[in-house]
Amino acid sequence: MNLTFKDFIDIKPNLKYMFFGGKGGVGKTIVAAGVAYYLSDILGKKTLISSTNPVHSLSSAFGQDIWGRGIQKIEGSKNLYGLEIDISDTVKRYKNQIREMVLTFLKYADIPLDPEPFVDVATTNPAFEETAMFEDMMDLLIKEEFDAYVFDTAPVAHTYRLLGMSKIYDLWLVKMVKSREEALSTRVKLSFRKDKIMEEVKKDPLLATLLKTREKTEVGRKLLVDKDRTAFFFVTLPLALPIAVIERFIGWVQAFNIPTGGIVVNGVVPEETCKVENPSPYLANKIREQEGYLELIHKKFPGMVRAYIPLYDTEVKGIHMISRVAKDLQEKREDRGG
Ligand SMILES: Nc1ncnc2c1ncn2[C@@H]1O[C@H](COP(=O)(O)OP(=O)(O)O)[C@@H](O)[C@H]1O
Ligand SMILES: [Mg+2]
């Protein structure tokens with residue numbers, strides 16, 4: 001079945017969480033913005049587009065100051081809101097949370113040690129930022145304030161690690177919770193107050209934090225693999241490197257059982273331009289190259305292309321251009337190169 005973007009949205013009435021992946025610079029932000037606009041202003045869903053990218057890409061795409069200001073209504077749209085999370089704030093907050101957990105643990109275990117080295121070990125691993133970002137994202141989703149969420153994701157490798165982390169993190173948490181439960185019950189048992197065991201377990205702040213975090217990760221993982229509610233889209237240009245990137249990315253995402261929404265091919269030289277008489281050698285070359293790559297995309301990912309977004313005369317900046325992307329997303333698709 002060859003579904004267009006519009007078909008795909010139509011057959012998924014419960015679709016609520018959309019993610020965008022692809023190589024840097026291929027147009028993830030503008031495609032995510034176009035999809036968000038489609039959901040908010042054409043389908044009338046209260047939609048949030050959010051980014052954790054340190055580059056202020058949403059602010060730039062919408063031509064509006066969004067970064068670090070919390071949830072902002074997008075000017076010129078009916079039902080669209082934007083959020084650019086300052087990741088350094090998240091990391092700071094998350095680091096403090098871990099410090100508190102380590103302190104509590106040392107206190108409970110009666111270990112008179114400086115917590116800082118432990119905090120450092122826990123927070124200077126390469127996946128720390130991703131975990132912090134993941135937590136941030138979950139907090140946002142759990143609030144359920146919007147009908148639809150569009151995530152303009154960080155680059156491919158980040159997202160991959162993020163997904164991998166959610167599994168590993170969960171395993172780690174299960175273990176932590178179990179060992180805390182055991183440690184606690186020994187302590188409480190020693191106090192000969194068996195009736196107090198459950199009460200004590202519930203009072204342990206470290207355990208409470210761990211359980212809450214674990215609940216969150218569980219909700220998050222369930223949500224990420226839910227075929228009705230979630231879809232990952234991949235954005236590529238008709239060029240070798242971005243195609244190789246999404247091929248890898250699609251493999252990863254499928255390995256984690258994350259539902260794929262399909263591919264959006266961006267920056268396609270418009271058909272009218274391809275048909276001009278006597279094109280310059282440069283243009284003729286470009287067109288030939290593009291046809292080859294469109295064919296390759298078609299072969300590598302049969303039935304997965306949802307839309308072709310033309311290469312515009314200018315950069316995509318401002319709500320007017322974003323609405324144009326939303327319109328082009330709905331264009332009836334001729335399978336070019338197919
Ligand atoms: N189809 C297009 N036509 C013209 N300019 C585009 C198109 N798609 C993206 N751009 C421009 O290319 C740059 C990169 O796009 P962006 O969406 O920020 O990429 P990414 O989020 O993948 O890094 C931006 O300046 C954007 O305006
Ligand atoms: Mg971007």
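These notes cover the ligand site and the sheet of a predicted model.

1. Basis. This is a predicted model in which local features need pLDDT of at least 70 and side-chain atom pairs count only at pLDDT 80 or more, while totals for chains, interfaces and linings use all residues. Residues are numbered from 1 along each chain as its sequence is written, chains are lettered from A and ligands numbered from 1 in the order in which they are written, and side-chain values use heavy atoms, with hydrogens and water left out.

2. Shell of ligand 1. Ligand 1 is surrounded by 16 residues, where near means that a heavy atom of the residue lies within 4 Å. The closest are G25, K28, T29, N266 and P310. By type, the shell holds 6 nonpolar, 7 polar and 3 charged residues; Gly counts as polar, and Asp, Glu, Lys and Arg count as charged.

3. Elements at the site. Both α2 (28-42) and β7 (260-268) give at least two residues to the shell, and α2 has the largest share, 3 residues. Helices (H or I, at least four residues) and strands (E, at least two) are DSSP runs, numbered from the N terminus.

4. Backbone contacts. Polar contacts are pairs of N or O atoms within 3.5 Å. A backbone N or O atom of G27 is 3.0 Å from an oxygen atom of ligand 1, and one of I30 is likewise 3.0 Å from an oxygen atom of the ligand. A polar backbone atom of Y312 lies 2.9 Å from a nitrogen atom of ligand 1. Of the 560 Å² of accessible area that ligand 1 has on its own, the protein covers 76% (Shrake-Rupley method, 1.4 Å probe).

5. Sheet. Eight strands form an open sheet with mixed pairing, in the order β3-β4-β2-β5-β1-β6-β7-β8; strands pair if DSSP finds at least two bridges between them. At the edges are β3 (72-73) and β8 (305-310), each pairing on one side only.

6. β6 and β7. Strand β6 (residues 230-236) runs parallel to β7, joined by 5 bridges. F234 stands opposite I263 in β7.

Note on methods
A polar contact is a pair of N or O atoms within 3.5 Å; within protein, one must be able to donate a hydrogen and the other to accept it, and residues adjacent in sequence count only if both atoms are side-chain atoms.
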